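Trainee: I should like to learn how to read a model of this kind, feature by feature. Where should one begin?

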Amino acid sequence: MTYRLQGVFTAIADPHRRRMLDYLAVSDLTAGELAERFDISRPAVASHLRVLEDNGLVTITRQGRKRVHRLNPAPLLTIRDWLGRYEKFWDGRLDVLKSLVEGERN
Amino acid sequence: MDDIRRSVDMHAPITRVWDYLTDPALIAQWLMPNTFRPELGYDFQMDCPPGIGSSAPIDAKVTALEPPAGGRARLAYTWKIDKPPVTTLLDIMLTETDAGTRLDLVHSGWELAEPDRYVHDRHAHGWDHLLFNVLKSLLES
């Protein structure tokens, strides 16, 4: 599965959603258990969770009657890949710069 | 997120390397077509090649301009990416060496859209843990 970079960035740009990921990094939680940790309304918590879910950062599994939210850190790798493209970009550019300044001495 | 750091030793005088960093026609030869001018605070644009995450020209602003003096030079500019929206900083330092010039490049500021708000968040440490440790363990497994 591939994740959309822009969507993942947007998802983790919000402080509430980052805190939700923090909590889920420690343990799986239901929407209710998460809502207890925030001062915002339950519908607001639910909508944040939906954004996380839509971007693959959270998966929902059933445990008996409970719907449990679990962190899926894999989408964060798309950010790492994106940074990797820049690293390669600089390697290439600096190679060109080096050969240019070292060539045709004045 | 980690900074991108690169260091390259070049067999060329510092003034020549500096010219390639600050003359628009010379910058275009190794980096990108641009509207750069060597003036502190100057706003300019760079035409980003496809494939590194910015579809529009990159908006940039000169934030440090220290021409070669005493064996050192420094150039820095902001580098604003549209997808995803982040303003990064490119900082290039030159140091004279026996063999020529050493170039140290740091491309930093790969943080998220609202860093200021999060700095004051008491869970900032938790986020560091998530991004650095969870991600690190994923990458190294």
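Mentor: One begins with the order of elements along a chain. In this predicted model, the elements of chain A run α-α-β-α-α-β-β-α from the N terminus on.

Trainee: What pattern does chain B follow along the sequence?

Mentor: Chain B reads β-α-α-β-β-β-β-β-α-α, with four helices and six strands.

Trainee: How should burial and surface be read for each chain?

Mentor: Burial is a count of residues, and a residue is taken as buried when its relative accessible area is under 20%. In chain A, buried residues are 47% of the 106 residues; in chain B, they are 43% of the 141 residues. The accessible surface of chain A is about 5,500 Å², and 47% of that belongs to carbon and sulfur atoms. For chain B the accessible surface is about 7,100 Å², with 52% belonging to carbon and sulfur atoms.

Trainee: How does one check the length of a helix, taking helix H2 of chain A as the case?

Mentor: One compares an expected span with the distance between the end C-alpha atoms. Helix H2 of chain A covers residues 15-26, and at 1.5 Å a residue its 12 residues should span 16 Å. The end C-alpha atoms are 17 Å apart, which agrees.

Trainee: Is H2(A) mostly covered or mostly uncovered?

Mentor: H2(A) is mostly covered, with nine of its 12 residues buried. Among them are A:Arg17, A:Arg18 and A:Arg19, as well as A:Met20, A:Leu21 and A:Tyr23. A:Ala25, also placed in helix H2 of chain A, is partly exposed, with a relative accessible area of 30%. The C-alpha atom of A:Ala25 is separated by 6.1 Å from that of A:Leu71, although the two residues are 46 residues apart along the chain.

Trainee: Which side-chain atom reaches a backbone nitrogen at the start of H2(A)?

Mentor: A side-chain oxygen of A:Asp14 comes to within 2.8 Å of the backbone nitrogen of A:His16.

Trainee: How is a sheet read, and what is the strand order in chain A?

Mentor: Chain A has an open sheet of three strands in the order S1-S3-S2, with antiparallel pairing. Strand S1 (29-30) and strand S2 (58-63) stand at the edges with a single partner strand each, so one side of each has no neighbour in the sheet. S1(A) pairs with strand S3 (residues 66-71) over two bridges in the antiparallel sense, and A:Thr30 stands opposite A:Val68 in S3(A). H2(A) lies across S1, S2 and S3 of chain A and runs at about 100° to S3(A).

Trainee: With which strands does strand S6 of chain B pair?

Mentor: Strand S6 of chain B spans residues 101-108, and seven of its eight residues are buried, so it is largely enclosed by the rest of the structure. Strand S1 (residues 4-10) of chain B pairs with S6(B) in the antiparallel sense over seven bridges, with B:Arg5 opposite B:Val106. Strand S5 (residues 86-96) of chain B also pairs with S6(B) in the antiparallel sense, over eight bridges, and B:Leu94 stands opposite B:Leu103. The hairpin of S5(B) and S6(B) has four residues between the strands, and B:Gly100 there takes a positive phi near 155°.

Trainee: How many residues of helix H1 of chain B are buried?

Mentor: In helix H1 (residues 14-22) of chain B, seven of the nine residues are buried, so the helix is largely enclosed by the rest of the structure. The buried residues of H1(B) include B:Ile14, B:Arg16, B:Trp18 and B:Tyr20.

Methods
Residues numbered from 1 in each chain as written. Chains lettered and ligands numbered in written order. Predicted model: local features only at pLDDT ≥ 70, side-chain atom pairs only at ≥ 80, totals over all residues. Heavy atoms only, no water. Expected span 1.5 Å × (residues − 1). Buried < 20%, exposed > 50% of the residue type's maximum accessible area, 1.4 Å probe, protein only. Polar contact = N/O pair within 3.5 Å; in protein donor to acceptor, adjacent residues only side chain to side chain. Areas by Shrake-Rupley, 256 points an atom, 1.4 Å probe, with all protein chains shown as cover. Pairing = 2+ DSSP bridges. Contact = heavy atoms within 4.5 Å. Axes fitted to C-alpha atoms, helices over the stretch in contact; angles between N-to-C directions.
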